[in-house]
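Work through the exercises below with the model open. Try each task before reading its solution.

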Amino acid sequence: MSLQGKCAVVTGGGRGIGRAVCLELARNGVNVALCYAGSETAAMETAAACKELGVEALAVKCDVSDAEQVSAMTEAAITAFGRIDILVNNAGITRDSLLMSMKETDFDQVLATNLKGTFLCMKAVSRQMLKQRWGRIINLSSVVGLRGNAGQVNYAASKAGVVGMTKSAAKEFAGRNVTVNAVAPGFIATDMTAAMPEKARAAVLDTIPMGKMGAAEDIAQAVVFLAGDGAGYITGQVLCVDGGMAM
Ligand code: NAP
């Protein structure tokens with residue numbers, strides 16, 4: 001297995017897509033440092049499940065929008081593993097409402113977690129990856145960042161920003177064998193989408209050519225592909241995993 005013995009940082013790795021990514025990395029022999037903001041129990045359970053798969057794992061409390069906490073989290077990963085080969089910027093939030101009624105704090109919080117958090121984590125691991133002359137950064141965007149969505153101007157802005165940042169960082173790091181790509185999930189069954197009203201869920205389902213929601217594991221498979229040797233010549237790309245939604 002090409003990823004055996006590599007070391008990853010996965011933000012928001014305790015639940016949902018992040019948890020599926022941690023487990024799939026662990027199945028491929030990758031040691032995992034995952035961070036969580038509030039769900040300590042879920043994070044500890046995910047770390048324990050990774051260890052059961054035979055790798056080293058640790059869970060670190062870290063708000064990705066806080067530079068000092070991000071720095072401490074990456075230091076903890078380097079102390080534990082000696083290196084960071086893979087960064088998965090998965091932590092994300094929504095604060096939905098129509099633009100006219102959207103609170104400024106809801107705009108700021110979503111941008112701080114989804115966009116600034118991705119920037120801070122890329123910055124924190126970049127020195128280590130450039131020194132190693134090997135690295136894989138995978139940022140979670142969204143089809144909403146590519147197509148827009150009523151009620152999500154804050155979220156769409158953050159996820160479109162992630163695409164621009166991914167392509168820019170890809171150009172900066174390419175010469176040192178550090179690739180930077182984005183995965184844009186469509187409509188995936190997690191806590192984030194479970195919170196949607198039934199009518200809104202049905203309306204989104206109607207827009208998916210494959211006619212069904214995706215699973216967190218569908219996203220994890222794409223992330224692990226982009227982390228592996230088979231994707232070594234792919235950088236600056238956005239891989240939609242969405243049942244055809246963004247076609
Ligand atoms: P989720 O179930 O709501 O989980 C979100 C994760 O992010 C949790 O582990 C949470 O940790 C973490 N998190 C939130 N704020 C954080 C912060 N400030 N610092 C550190 N961690 C933080 O969401 P999901 O559906 O798995 O989504 C994962 C990613 O995929 C997100 O970036 C999301 O935007 C993207 N995405 C999801 C979908 C979908 O349909 N589900 C579609 C497109 C894109 P705590 O529990 O500890 O707070």
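A residue counts as near a molecule if one of its heavy atoms lies within 4 Å of it. Keep in mind that this model is predicted.

**Exercise 1. The ligand shell**

Task: Find how many residues surround the ligand, and name the closest.

Solution: 
- Step 1. Apply the 4 Å cut-off. The shell holds 29 residues.
- Step 2. Pick out the closest: Arg15, Ser39, Asn90, Tyr155 and Thr190.
- Step 3. Sort the shell by residue class. It divides into 13 nonpolar, twelve polar and four charged residues.
- Step 4. Look at the helices. Helix 1 (16-27), helix 6 and helix 7 (191-194) each supply at least two shell residues. Helix 7 gives the largest share, with three.

**Exercise 2. Backbone contacts to the ligand**

Task: Which distances separate ligand oxygen atoms from the backbone atoms of glycine 12, asparagine 90 and glycine 186?

Solution: 
- Step 1. Start at asparagine 90. A polar backbone atom there is 2.8 Å from a ligand oxygen.
- Step 2. Go to glycine 12. Its backbone N or O atom lies 3.0 Å from an oxygen of the ligand.
- Step 3. Finish at glycine 186, where the corresponding distance is 3.4 Å.
- Step 4. Now take the ligand's surface. Alone, the ligand exposes 890 Å², and the protein buries 93% of that.

**Exercise 3. Salt bridges**

Task: How many salt bridges does the structure hold, and where does the partner of arginine 15 lie?

Solution: 
- Step 1. The count is four.
- Step 2. Arginine 15 pairs with aspartate 191, with the closest N and O atoms 2.7 Å apart. Arginine 15 is in the loop between strand 1 (7-11) and helix 1, while aspartate 191 is in helix 7. The two are 176 residues apart, so the pair links distant parts of the chain.- Step 3. Glutamate 24 bridges to arginine 27, also with closest N and O atoms 2.7 Å apart. Both lie in helix 1, three residues apart, about one turn of the helix.
- Step 3. Glutamate 198 bridges to arginine 201, with the closest N and O atoms 3.6 Å apart. These residues are separated by about one helical turn because they sit three residues apart in helix 8 (residues 198-205).

**Exercise 4. Buried or exposed?**

Task: Is glutamate 24 buried or exposed?

Solution: 
- Step 1. Set the limits: buried is under 20% relative accessible area, exposed is over 50%.
- Step 2. Glutamate 24 has 13%, so it counts as buried.
- Step 3. Compare arginine 27, which at 45% counts as partly exposed.

Notes
Residues numbered from 1 in each chain as written. Predicted model: local features only at pLDDT ≥ 70, side-chain atom pairs only at ≥ 80, totals over all residues. Heavy atoms only, no water. Polar contact = N/O pair within 3.5 Å; in protein donor to acceptor, adjacent residues only side chain to side chain. Areas by Shrake-Rupley, 256 points an atom, 1.4 Å probe, with all protein chains shown as cover. Helix = DSSP H or I, 4+ residues; strand = E, 2+ residues; numbered from the N terminus. Nonpolar A, V, L, I, M, F, W, Y, C, P; charged D, E, K, R; others polar. Salt bridge = Lys/Arg side-chain N within 4 Å of Asp/Glu carboxyl O. Buried < 20%, exposed > 50% of the residue type's maximum accessible area, 1.4 Å probe, protein only.
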